[in-house]
Amino acid sequence: MTIPTRAHPRPRRVVRATALAASLLLTTAALTAVSPPSVHAADGPVTVTVNARAGLATMPDTALGVNHAIWDQNLGTDETSDLLRAAGVRMLRYPGGSYADIYHWKDHTAPGGYVAPNTDFDTFMAGARRVGAQPMIIANYGTGTPAEAADWVRYANVTKGYGAKYWTIGNENYGNGHYGSGWEADAHPDKSATYYANLVVDYADAMKAVDPGIKVGAVLTMPGNWPDGITAGTDPGPWNQAVLSIAGPKIDFVDVHWYPGGTAAQSLERTAHIDDAIHLLREQLTRYAGPNAARIGISFTEMNVEVGRNTQPGALFLADAYSDLLENGVFTAHWWNVHNGIGTVSEVAGHTDYGDYGLLSSGGCNADGSVCQPPLNTPFAPYHAMSMMNLFAKAGDQFIRAGTDQPLVTAHAVRRRDGEVAVLLVNKDPENAYPVSIDYAGFTPSDAAPTVHTLANGATAVDTARSGSATSRTLPPYSLTTLVLRPAEEVGAGPATPLQPTAGAVTDRSATISWPALPPMAGPPVKYEVYRQNGAVSEQLGETTGSSLTVGNLVPGTRYTVNVLARDGAGRVSRSSPPLTFTTGSPASSSCAVRFTTNSDWGNGYIGGVEIVNTGTHPVDGWTLTWTWPTTWQQVGSGWSATWEQAGTGVKATATADNRRIAVGGSTSAGFVGGYSGPNVLPTVFRLNGTVCTTR
């Protein structure tokens, strides 16, 4: 499918200078506004489960980010900086999306684009310091050189002493025409992923020669979004594979953007893609980036919605997406952007939406002057969602697992270092209020009324009060609600928190979980307990007095996330260790083997194939091959050499008359057209006539 190009930002009236391509190959309905809400409570309470035993990632000090851009003359003003500081912004990206690949920092020019006054690098850094935010700087790949980038590092960190740590090489460089669509400036003779990766190595070497302490990032694409899966030219594979296989040993992080697209409801629904997208991204790092790939961080430095950018859909998406990304260990998440300018005006959920990608109003009018935005720097709804995130999670808090039994209500939670637990509840239904009943595991809340932060649809600020109880609440339509809860009683110091566990000897049915033993000065625990996260519920897999545990009775081809807790003789339990995720494999030997292949991927589909080998001692006379898709957005379309069926996520392929018999040592093949509208996590376990096969 042809990907449309985008307009570049223009003076005074700016449109987004970043890729819409992230979602263009998804099948979506026409963009429509949400109907104004009709408030009434849904029948029956939604069950929310918060599990303090199921630890996730820790909130970093760079978590809450936003983009600045050199076409915004208010980039460095005190008013703008103070608003960002008040919202808890702790990372600022510069010089602004696709402009980065035409920007030359020395003379502060962007040939072919507009550069506003008072937007030079020193002005940006002064604003960042006033905000209290670290910079994320994009070095010019498209029309720049490694020497130019190295000089920027020298000026920033040697001459000026800014201590700028994070530097990305380029912006959305897969949009340079290599895959048929070109919006990103690229003056190099070769537009391939291979060429980009080799030059990233040159950039990293040159920049780190000036300051070895900086971290250098390379541009990747979001798994399940264009051009993920597509191989072009002579590259050894898709963009991510080619970049990581060459530049992986030299980089410190990867940089990803995400615009889920679709209607407001579809954008909010697609936050469910995040867990699998990050899982695939980490699999790619492990497979292609070389030794010690776990050291490579992940940043998400652009995201926004297409409907409701300034109104409640944007706010709900920001809070839900940021929380999910940070739970998964992303070190920073950035909104696109601070100021952007009026776009297509519409009404969304009963309120005027100016089609503006900014957190703050630019104070402009549309072309004919018939509609004007609120005054300059008036906060839009996503700004208030950023403020809510700042109230919800602080640097050093550990995210813990939370879940609900209602798809339109999502939950996130953190455990704070002072013993408090904060719960963020997102009601994505524009029409219905939802009563919720909240259960807690591993934490007992106080009977006192919690502190409650609420952002209702159309609100001009987050409302804060102490009210109600820790276990029940009614969520207004289209709202964000955060409960901050004290523990029922202060518990004396228990065992120290176990450190990061690892998995070894992983088979189809077992794995050995190991962790560093707590040092003697931490107070020896009586035992360690290993728990599996099953949704928001923890299942104990076993306990030991040692520092490793072999767990059995696992299910082949299943992703497991586990935590380790320590318990002392008084029964006191430690905080949860960081999470460990691993996937069991297939049997080392079986009476059958399957090879699953994908070919000719076009971004939301591919040609799939299965080869079935009879490795048993008897001929197979009639066969049925089954597997389960890991996600709900994967499907089998038309197929051949078998009768294909799909029910839910289950797939069944039945032999035809001419291939029903497979001799001992023989094989047969069948194929299908596969489709996906999110991260394409491939199946790893197949059953032939009910027997689990070896996957080759």
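A residue counts as buried when its relative accessible area is under 20%, and as exposed when that area is over 50%, with partly exposed in between. Glu420, with a relative accessible area of 14%, is therefore buried. The model on display is predicted.

**Confidence along the chain**

Colour the chain by pLDDT. The average for the protein chain is 93, and 93% of the residues score at least 70. Select residues 1–39 next: here the pLDDT is below 50, although the model gives this stretch 111 contacts beyond near neighbours in sequence.

**Glu420 and its partners**

Glu420 belongs to the loop between strand E14 (409–415) and strand E15 (421–427), while Arg486 belongs to the loop between strand E20 (479–485) and strand E21 (502–504), so the pair ties together parts that are 66 residues apart in sequence. Arg486 has 35% relative accessibility and counts as partly exposed.

Select Arg532 and Glu539, whose side chains meet in another salt bridge, with an N to O distance of 3.8 Å. Arg532 is buried at a relative accessible area of 17%, whereas Glu539, at 32%, is partly exposed. In total, the structure holds 22 salt bridges.

**Helix H4 and its surroundings**

Select residues 193–210, which make up helix H4. This helix has 18 residues, and the distance from its first C-alpha to its last is 26 Å, close to the 26 Å expected at 1.5 Å a residue. Which residues of H4 are buried? They are Ala193, Tyr196, Ala197, Leu199, Val200, Val201, Tyr203, Ala204, Met207 and Val210. In an α-helix there are 3.6 residues a turn, so residues three or four places apart point the same way. Display the neighbouring elements as well: the buried residues of H4 pack against strand E5 (134–139), helix H3 (146–159), E6, E7 and H5.

Stay on H4 and select Lys208 together with Asp252. They form a salt bridge whose closest N and O atoms are 2.7 Å apart. Lys208 lies in H4 and Asp252 in the loop between H5 and strand E8 (253–258), so this pair connects parts that are 44 residues apart in sequence. Lys208 is partly exposed at 23% relative accessibility, and Asp252 is buried at 15%.

Move on to Gly213, in the loop between H4 and E7. Gly213 is exposed, with a relative accessible area of 52%. For a distance across the model, select Ser547 too: Gly213 and Ser547 are 334 residues apart in sequence, and their C-alpha atoms are 34 Å apart in space.

**Aromatic pairs**

Show the rings of Phe, Tyr and Trp. Under the pairing rule, the count is 44 aromatic pairs. In one of them, the ring centres of Tyr94 and Phe121 are 6.1 Å apart and the planes stand at 45°, so the pair is tilted. Tyr94 is in strand E4 (residues 91–94) and Phe121 in helix H2 (residues 121–131), so parts that are 27 residues apart in sequence are tied together. Are these two residues buried or exposed? Tyr94 is buried at 0% relative accessibility, and Phe121 is buried at 4%.

Select Trp183 and Trp226 next. Their ring centres lie 5.9 Å apart with the planes at 45°, so this pair is tilted. Trp183 sits in the loop between strand E6 (166–169) and helix H4 (193–210), and Trp226 in the loop between strand E7 (215–219) and helix H5 (239–247); the two are 43 residues apart. Both Trp183 and Trp226 are buried.

Finally, select the cluster linked by ring pairs: Tyr94, Tyr103, Trp105, Phe121, Phe124, Trp152, Tyr155, Tyr162 and Trp167.

**An open sheet**

End with the five strands that form an open sheet in the order E33-E34-E31-E37-E38, with antiparallel pairing. Strand E33 (643–647) and strand E38 (691–692) are at the edges, each with a single partner strand, so one side of each has no neighbour in the sheet. Within the sheet, strand E31 (residues 624–628) and strand E37 (residues 687–688) pair in the antiparallel sense over two bridges. Select Thr626 to see one of these positions: its bridge partner in E37 is Arg687.

Key
Residues numbered from 1 in each chain as written. Predicted model: local features only at pLDDT ≥ 70, side-chain atom pairs only at ≥ 80, totals over all residues. Heavy atoms only, no water. Phe/Tyr/Trp six-rings, centres within 6.5 Å; stacked < 30°, edge-to-face > 60°. Helix = DSSP H or I, 4+ residues; strand = E, 2+ residues; numbered from the N terminus. Buried < 20%, exposed > 50% of the residue type's maximum accessible area, 1.4 Å probe, protein only. Pairing = 2+ DSSP bridges. Salt bridge = Lys/Arg side-chain N within 4 Å of Asp/Glu carboxyl O. pLDDT = per-residue confidence, 0-100. Contact = heavy atoms within 4.5 Å. Expected span 1.5 Å × (residues − 1).
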